[in-house]
Amino acid sequence: FLPSQELFESRHKSVLDEFGKENGVNVPKSKMISTIADLRDLDEEFTYPLVIKGKFYEAMIASNLEQAINYFYKISAKWGLPIIVQEYISGIEVNVTALGDGNGRCIGAVPMRKLTITDKGKAWAGIVLDDDELIDISRRIVENSKWRGGCELEYIKSPKGEYYLLEMNPRFPAWVYLAVGCGQNHPEALLQMALGETVEPFESFTQ
């Protein structure tokens with residue numbers, strides 16, 4: 001029970017800004033680069049701090065060009081080229097685990113805020129959020145894209161209260177059991193759909 005190859009590619013980090021435009025969601029400006037010369041030529045498009053991202057994993061915040069060059073080498077050595085440069089948005093990190101049926105229905109969506117993170121920025125402890133706007137945005141992404149399967153949506157909530165989609169990971173997050181504990185068993189629902197069973201969308205969750 002997986003998304004199509006085309007849909008899978010449409011939410012890739014390198015084209016996430018286009019995905020955001022198509023689905024009416026704020027996404028930080030980003031650009032793919034392959035050389036240090038490309039990095040030096042970003043002055044007219046980006047201001048520091050900015051985020052240096054690997055095409056598959058890892059992200060570092062650079063405060064100046066010297067740091068950006070250092071992170072470029074570190075990340076490219078691990079994950080290869082190209083590197084993604086992304087506009088830095090300050091604010092509160094929030095994540096959503098969601099599930100789509102592939103036909104335009106969002107079966108479930110549960111948001112959380114990280115309370116403790118690892119050295120890689122991954123959630124170690126979190127709390128469920130009762131945030132209708134965040135749930136509505138997440139449902140719109142899943143429904144408009146006709147996403148098929150589980151996913152994790154990573155956002156930043158800016159000081160002005162605006163949500164920016166940072167990443168759409170094509171799998172459940174490690175913390176998905178938090179949703180199970182709140183009354184939305186996304187892995188079970190995914191398995192049922194994979195077996196051809198009819199699954200109705202979850203209407204709510206407990207905190």
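Reader: How many residues does helix H5 have, and how far does H5 reach from its first C-alpha to its last?

Author: Helices (H or I, at least four residues) and strands (E, at least two) are DSSP runs, numbered from the N terminus, and the expected span of a helix is 1.5 Å times one less than its number of residues. In this predicted model, helix H5 (residues 132–145) has 14 residues and reaches 20 Å, close to the 20 Å expected at 1.5 Å a residue. Residues are numbered from 1 along each chain as its sequence is written, and side-chain values use heavy atoms, with hydrogens and water left out. Because the model is predicted, local features need pLDDT of at least 70 and side-chain atom pairs count only at pLDDT 80 or more, while totals for chains, interfaces and linings use all residues.

Reader: What is the mean pLDDT of the protein chain?

Author: The predictor's confidence in each residue is its pLDDT, from 0 to 100; here the mean is 92, and 98% of the residues reach 70 or more. Among the elements, strand E7 (residues 123–128) has the lowest mean, 79, whereas H7 has the highest, 97. Where pLDDT is low, the predicted coordinates should not be read in detail.

Reader: Which residues in H5 are buried, and what covers them?

Author: Buried means under 20% relative accessible area, exposed over 50%, and partly exposed in between (1.4 Å probe, protein chains only). In H5, the buried residues are Leu 134, Ile 135, Ile 137, Ser 138, Arg 139, Ile 141, Val 142 and Ser 145. Contact means heavy atoms within 4.5 Å, and the cover of these residues includes helix H1 (5–10), helix H2 (16–22), E5 and strand E6 (106–117).

Reader: Which residue caps the N-terminal end of H5?

Author: Asp 131 caps that end, with a side-chain oxygen 3.1 Å from the backbone nitrogen of Glu 133. Just after H5, Lys 146 takes a positive phi of about 55°.

Reader: Is Asp 101 buried or exposed, and with which side chain does its own side chain make a polar contact?

Author: A polar contact is a pair of N or O atoms within 3.5 Å; within protein, one must be able to donate a hydrogen and the other to accept it, and residues adjacent in sequence count only if both atoms are side-chain atoms. Asp 101, in strand E5 (residues 92–101), counts as buried because its relative accessibility is 8%. The side chain of Asp 101 makes a polar contact with that of Arg 105 (2.9 Å).
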